[in-house]
Amino acid sequence: MVRAASTERRSERRWRPSGPLDVALTLSPHRRGGGDPAWRRTPDGAIWRTSRTPEGPGTLRVTVSGDEVLGQAWGPGAGWLLETLPSLLGADDDVAGFAAMLARLAGSGDDRHAGVAAFVAGLAGRAAGLRIGRSLRVFEALALAVLEQKVVGREAWRAWRFLLRRYGEPAPGPAPEGMYVVPPPEVWRAIPSWDWHRAGAEAVRARTIVNAARHAEKLERTATTITEASAEADHLLRALPGIGVWTSAEVRQRAHGDPDAPSVGDFHLPGIVGYALTGRKTDDDGMLELLEPFRGHRHRVVRLIELSGLRPPARGPRMAARDYRAF
């Protein structure tokens with residue numbers, strides 16, 4: 001269901017990517033569950049996304065027509081969303097550098113590296129439109145990543161929905177019904193303990209987000225370039241209590257578009273990567289060893305493996321969702 005047409009002025013931008021681009025695939029890491037109030041795909045194929053930009057809240061609608069991308073935006077942040085649209089869709093992503101890396105590995109004379117490179121090249125060919133984009137909004141990515149710490153996805157997404165609907169603001173423009181903009185850091189700092197509890201986020205995650213909100217301005221300043229800023233952001237993020245290597249990587253993947261930030265510490269990822277590349281599950285150290293030949297693009301390789309659907313056989317019960325609201 002779509003709201004009645006808004007009287008807010010709409011801004012537009014047309015952009016032509018330099019190579020294949022799958023918009024939905026590239027933007028999918030910013031989606032958190034089917035009911036994400038900040039992300040929606042409508043039956044006409046349009047991707048809607050909200051964000052709190054440096055200029056205020058905004059709504060972005062992205063569609064594809066031929067070889068052009070059309071961005072339409074509403075709200076105080078509309079101009080910023082359209083200005084940064086190419087970066088969000090991976091215009092800064094070094095796809096050519098990745099292809100050159102695969103070619104070097106294939107011709108290295110090392111049969112093991114050549115075989116793995118050929119396998120990864122095949123995955124890349126099947127996802128040719130994938131780009132590692134960057135949202136340039138560090139705290140937005142951080143708040144969600146912290147909610148996802150050490151819990152199953154649906155538990156974190158439930159908390160995200162509750163907090164955005166209660167403390168966010170309705171999306172500007174004619175956005176689909178139920179879309180909201182992420183609250184600003186000062187609002188996150190003021191959320192009372194009982195609403196964190198109602199959201200299902202225990203005190204540790206709540207404190208981590210509240211403390212990070214106090215440093216949001218400094219964190220946002222790192223979202224300027226890819227490699228250098230991502231390294232600086234990693235240092236700043238991991239200096240904050242409650243934020244480790246996994247959370248930092250999840251933030252930098254989305255906010256900085258870092259293709260070399262693998263999610264070390266993920267419950268399932270080492271097993272998936274190990275199985276795809278060797279036929280055997282492994283641990284974090286083993287995963288990093290397998291990814292080392294792809295340094296500079298390790299997150300990209302992990303993303304390609306995830307998209308392949310390759311999974312080790314299930315041998316035990318899945319991690320159960322916990323409901324902290326009942327505690």
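Author: Let's start with a term: two residues are in contact when they have heavy atoms within 4.5 Å of each other. This is a predicted model, where local features need pLDDT of at least 70, side-chain atom pairs count only at pLDDT 80 or more, and totals for chains, interfaces and linings use all residues. Residues are numbered from 1 along each chain as its sequence is written, and side-chain values use heavy atoms, leaving out hydrogens and water.

Reader: How do you know what share of contacts joins residues at least 24 apart?

Author: Take the protein's contacts between residues at least 6 apart in sequence: 68% of them join residues at least 24 apart.

Reader: What makes a radius of gyration agree with a compact globule?

Author: The radius is taken over C-alpha atoms, and the globule rule is 2.2 Å times the number of residues to the power 0.38. For 327 residues that gives a value near 20 Å, and the protein has 20 Å, so the two agree.

Reader: Why is a residue called buried, and how many are?

Author: Buried means under 20% relative accessible area (1.4 Å probe, protein chains only). Of the 327 residues, 54% are buried.

Reader: What makes a nonpolar core?

Author: It's a set of buried Ala, Val, Leu, Ile, Met, Phe, Trp, Tyr and Cys residues joined through side-chain atoms within 4.5 Å. The largest one here has 54 residues, and Phe 139, Leu 142, Leu 147, Trp 188 and Trp 196 touch the most other members. Another core, of 25 residues, lies apart from it and includes Val 116 and Val 264.

Reader: Which residues does Leu 147 touch?

Author: Not counting residues up to four places away in sequence, among them are Trp 160, Leu 163 and Ile 209.

Key: Buried < 20%, exposed > 50% of the residue type's maximum accessible area, 1.4 Å probe, protein only.
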